Amino acid sequence: MTPPVDMDPPIAPPAGTLERWAFDYVTSASLDDKLSPPPLPRSDHDEAWEPSPPSRRTLRPGRPPTLVCVPKKPKTPTGRALLDPAKRARLLHVFLHHELQAAELFAWAMLTFVEAPRALRAGWLKLLLDEVRHMRLYDGELRRLGARFGDFPVRDWFWERVPACPSAASFLALVGVGLEGGNLDHGARFAAMLEEAGDPEAAAVERRIAFEEIAHVRFAVQWLDKLGVPLEGLADLEALLPPPLSPIVLRGRPLAREARLDAGVPLRLVEELDRYEETLRAPRASG
Ligand SMILES: [Fe+2]
Ligand SMILES: [Fe+2]
C-alpha cells in the first residue's frame, strides 16, 4: 500500500526525530545551517524515527535572498579562463551548489520514500553528511580565493529534475548512478584543469571529493542490487530515469572508467555509456 502523501507544503515531523532533522535541513533558508547543521539524532533506536511517516514529496528547499537562483544555467568557466582566480571561485561555487542540492535531496529522498528499508533511509542521511563536508571543503577554497557562498547566481537544476523520480530505485539511479557517476567523470577533468591553471590546492580538493564520491556511487549500485532492480546496461539505467532524462546527458567526457568500475558499476553499462557517441557517429558497418 502506498503511504499517504502529506499536505502541500508538508507538515513538520515531530521534534527530535531524524525526519525532523532532515525536514529542517531542507527547509532552512540559512546558508550557515546548510554548511553546519546540528548533529544528527542517533539512528539506532526506534524513538529516533517518526512512526508511520507520510511521504513528504512536495518538500522544497529554503533559499536565502542572498543566494540568487536563475532559470538558466550560468556559464561554467573552463580551460584558460581558470587562470583568473575569480573564475576559479565561480567554478568552485557551482560545485558547492551541486553539493548543497545533493545534501538536500538525500534528505528529501529519506522523507519521500518512506517505505524504503530503514537502512537505506539512514544511509541517505550519512551521505548527506558527506555532502555537507564537501560543501565545507569548497567553501574553504572559495574563501581562500576571496569569495563567499552566494557571491554568484545558481541554478537549482537537480531540484528541477530529481523530485520527478517515482521510486527509491529511480532516485538511486538518477542521483547515485547518473549524477554522482557523472561527477566521477567531471571531477577528474576539472581537477586536471585546476592543476593546469596553477591551483594545486583547488585541484587537490576536487580530486579528493571525486574520490569520495566513488563510495556514493557504490552505495546506489549496491542498494539497487539489494532491492532486486536490474542494472546491467544502458537500457536498464534509462528505464529508471524520469523522462526526458537520458544517461548520456549525465555523463562526462572522458568517462572515468576505472572509478566507475571501482564503484561497482557493471562493465557492460560502463562500456555502453562510453561507446554511445561512437555508436551514433560511426558509419554503418553494412546495409
Ligand atoms: Fe559530494
Ligand atoms: Fe555524493
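The four donor atoms around the iron ion (ligand 1) subtend angles of 85 to 159 degrees, so the arrangement goes down as irregular. For reference, four donors are called tetrahedral if all angles lie between 85 and 135 degrees; four count as square planar and six as octahedral if opposite donors are over 155 degrees apart and all others between 65 and 115; anything else is irregular.

A quick word on the ground rules: this is a predicted model, where local features need pLDDT of at least 70 and side-chain atom pairs pLDDT 80 or more, while totals for chains, interfaces and linings use all residues. Residues are numbered from 1 along each chain, chains are lettered from A and ligands numbered from 1 as written, and side-chain values use heavy atoms, without hydrogens or water.

**The iron site**

Who holds the iron ion (ligand 1)? The protein donors are Glu99 (OE), Glu131 (OE), His134 (ND1) and Glu213 (OE), at 1.9 to 2.3 Å. Donors here are N, O and S atoms within 2.8 Å of the metal (3.2 Å for Na, K and Ca), and with water not among the atoms, sites may look incomplete. Along the chain, the donors are spaced E-x31-E-x2-H-x78-E. The iron ion (ligand 2) sits 3.5 Å from the iron ion (ligand 1), and glutamate 131 coordinates both.

Glutamate 131 and histidine 134 are about one helical turn apart, because three residues separate them in helix H4. An α-helix has 3.6 residues a turn, so residues three or four places apart point the same way. Helices are DSSP runs (H or I, at least four residues), numbered from the N terminus.

**Buried residues**

Buried means under 20% relative accessible area, exposed over 50%, partly exposed in between (1.4 Å probe, protein chains only).

| Residue | Relative accessible area |
|---|---|
| Glutamate 131 | 1% |
| Histidine 134 | 0% |
| Phenylalanine 106 | 2% |

Contact means heavy atoms within 4.5 Å. Beyond four places in sequence, histidine 134 contacts Glu99, Ile209, Glu212, Glu213 and His216. Phenylalanine 106 belongs to helix H3 (residues 85-112); with residues up to four places away left out, phenylalanine 106 touches Trp124, Leu127, Leu128, Glu131, Phe171, Val175 and Glu180.

**Helix H6**

Helix H6 covers residues 168-196, 29 residues in total, and spans 40 Å from first C-alpha to last, close to the 42 Å expected at 1.5 Å a residue (1.5 Å times one less than the number of residues). H6 bends by about 25 degrees at leucine 184, the bend being the angle between axes fitted to the seven residues ending there and the seven starting there. Of the 29 residues in H6, 22 are buried. After H6 comes glycine 198, with a positive phi near 80 degrees.

How values were computed: Helices (H or I, at least four residues) and strands (E, at least two) are DSSP runs, numbered from the N terminus.
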